[in-house]
Amino acid sequence: VDPRGRQYSTSFKTVKMKILGGREELRVPMQTCTRVQDVREALAQTLMIDPEGIEFLEKKSSTTRKQRFNEEIASVVTVKGISRFTPERHEWPHPTGIIGCGYQGIKTAIMYAKSGNHNFIVFDRNDRVGGYCWITAANEFSKLQTEIGSFHVWWGQDLITDTVHYPSGWGTWANKAEVLQHFHWAAERYGVLPHVQLNTDVAEISVVGGKNDRHRYYNLTLTLAEGGRALPLGDERADLNARRVSVSVLYSYPGSMTRNRIIEYPGEDIFGGFVAYGMNDDCPYQELPRTNLAILGNGAFAVENARTAVEHGANKIYLLTRRKNLASPRVPCWFVHQAPMPTPGKLVLDMFKPMYELSDFGDPWDFWSVHASQDRSKVTIIQNSRFGIGDVTFLMVLYGKLEYVEDTLKRLSPYTMHLTGGRRLDNVQGMLKSLGLLGDFAVDRLHKMSKMVGVFCDGDWRRPLMIDGIGMNAANFSTFTVAAGMGATVFVRNMKFLFDFPKEFYRMEDLGLLKLLPTNKADSTLDKPAYIFDVKYTQASQLTLESMSTRFAELSATDPEYQYRMFHTVHPIDKYLQECTADWDKYQKLFREQGCDREYVPYPYTREMIEAFCKEYGKLTGREIEVDGPPNDLPELEVQQATRIGDLPDWARDENRLENMQRNLAVDKTWWSATSGNNKEDLFLRADNGVDSPQRLAMML
């Protein structure tokens, strides 16, 4: 008897369930006392359907009768009201629309195509796949700062095919041309290209039906785009080429912030040197040799521009910033991206130390963005931009090619920069502004919204929108590339799941999901549209959504192991260190050719050092890892498919949890019913001592 007075049998029987009018059968061991109502609710939860439509028919002699809900489930029943024992994907009346064919747009498209759903259309203003960030914003000499293993657009075990596997064969730090090639290659391999409408601008979105009408859809007005931009107002070609398309679901990927923050400084007209912005190839590269250059800003783009400048022969670079941000060497980046569990911030900072000490960059623990406990056992890193990643940043500082100047620009005079703190930078021949980017209010106007609710435009769950959230706010790091790799994969996978099985969303909506999600409103005083949000908002939205359904965790169950296996296959540590050292030596040779007089400096990271990082990671996380990664003879990862009644949940494969459960049941037979809550899906499988074959138990309330 449980605490509520209900009696439970300790014996089990096998229930044979057959679908009315179908051939599919299922045998599930259940407690003898299990009621029809319990089985009905378990079926409904697993299949994500309304339990009201499910009936159980029992045949006795020559008659068939409907079982009452309070009856004990019969040993042989026919189930009426379902067509299969796995969830059925919802078929929307109109295609799925995807605005943007950059990283996330391609990711979304290949995930749909891989699942066998080709009823989607991708719209992009450019004449090729790749998106604004890599086609337009990235400079000619831009490179990945992270590794291709953490970035590749087909990241995830569920996207592996016979012809697409781990991203071996691509450059570790691919350049712009290689990144765009990898986008096209993936779109081609997954059969996405026929579904992409290039040179197309989504000029208007009209919602047909009420905002909360489950039968609503969206009419899109499409016009011609040219050079990655919509045609200007008044261009008659826009009207001549206008057409309309209806979609049931609409993903939006506006490319985060796409406008340079324009700041004009006193004296620019008499400065004499060139003044340009650090993106869109605005920099006059031909003027860089033997110049002294100032870069305003300290984000990833600023760090990249410093590398590009020194490669083009710049003599001296001043990186002028109000506050010096943390930057990451390559090895800590590699470590975070290979780790199967998030790397604690404490270890990240400790991994920075060898490079910081070598280049006299400062103690990473003392940076303004580090918020640590007194004993430094816990730390959170909060800053307005992501880590600029690369070893060359520190090498430039070491060789005197790069100087961080913590100050702000007051005014300019001929070839001179006058700083607010009183210092002068003389003989400066050029200035690059990397002062940050702004969002585009046109995105808000397109969606006719003044706020985001979670990742949903104006709270409409069938219009999700994702950007690369601003800044950094983390105590543990699973990636340095939030909007690519794992981050993008989880977002698209979760959204697609909800659109495939919308009744799961409706269930969460009934539980108050939209009231629990954070909101982000437009702020014209800060020139910030509603769709621009920071990384903390992204994290809160994701955590809130995932807390309301265990299915999201099931979908991502293979991600940690995939990351660990894939990364060590594509970037094994010995090869990676060789590549890092080769680049390190290449830049030292370049600097000496440019006139720097300094003895050779060995690369500061070694295999032995990284082995120590692995041991420390094991102590901090409880998950032991090896510097060479997992063994090569592991069985292939199995991707979570649609749940079938009787399937084993992930927790039931954990021997520690099962043994703990067994101990509790040995003391109190009612323990399970008292602690399992209202989850009717909890099924588990184990081989108990003395049992020749696995025994499946269906423990239901």
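Mentor: Let's start with helix 8 (residues 330-338) and helix 17 (residues 559-570), which pack with their axes 8 Å apart at an angle of about 135°. The model is predicted, so local features need pLDDT of at least 70 and side-chain atom pairs count only at pLDDT 80 or more, while totals for chains, interfaces and linings use all residues. Residues are numbered from 1 along each chain as its sequence is written, and side-chain values use heavy atoms, with hydrogens and water left out.

Trainee: What makes a stretch a helix here?

Mentor: A helix is a DSSP run of H or I with at least four residues (a strand is a run of E with at least two), numbered from the N terminus.

Trainee: Why are helix 8 and helix 17 called oblique to each other?

Mentor: Angles run from 0 to 180 degrees between N-to-C directions, and axes are lines fitted to C-alpha atoms, for helices over the stretch in contact. Under 35 degrees is roughly parallel, over 145 roughly antiparallel, 65 to 115 roughly perpendicular, and the rest oblique. With about 135°, the pair is therefore oblique.

Trainee: Which residues of helix 8 and helix 17 make the contact?

Mentor: Trp-334, Val-336, His-337 and Gln-338 of helix 8 meet Gln-563, Tyr-564, Phe-567 and His-568 of helix 17. Contact means heavy atoms within 4.5 Å.

Trainee: How do you know that helix 17 is largely enclosed?

Mentor: Buried means under 20% relative accessible area, exposed over 50%, and partly exposed in between, using a 1.4 Å probe and protein chains only. Ten of the twelve residues of helix 17 are buried, so the rest of the structure largely encloses it. Those buried residues pack against helix 4, helix 8, helix 12 (485-500) and helix 18 (573-593).

Trainee: What makes the span of helix 17 agree with 1.5 Å a residue?

Mentor: The expected span is 1.5 Å times one less than the number of residues. For twelve residues that gives 16 Å, and the end C-alpha atoms are 16 Å apart, so the two agree.

Trainee: Why does Thr-544 count as buried?

Mentor: Thr-544, which lies in helix 15 (residues 535-546), has 16% relative accessibility, so it counts as buried. Leaving out residues up to four places away in sequence, Thr-544 touches Leu-513, Leu-516, Leu-517 and Pro-518.

Trainee: What lies 2.8 Å from a polar atom of the side chain of Thr-544?

Mentor: That's the backbone oxygen of Ala-540. A polar contact is a pair of N or O atoms within 3.5 Å; within protein, one must be able to donate a hydrogen and the other to accept it, and residues adjacent in sequence count only if both atoms are side-chain atoms.
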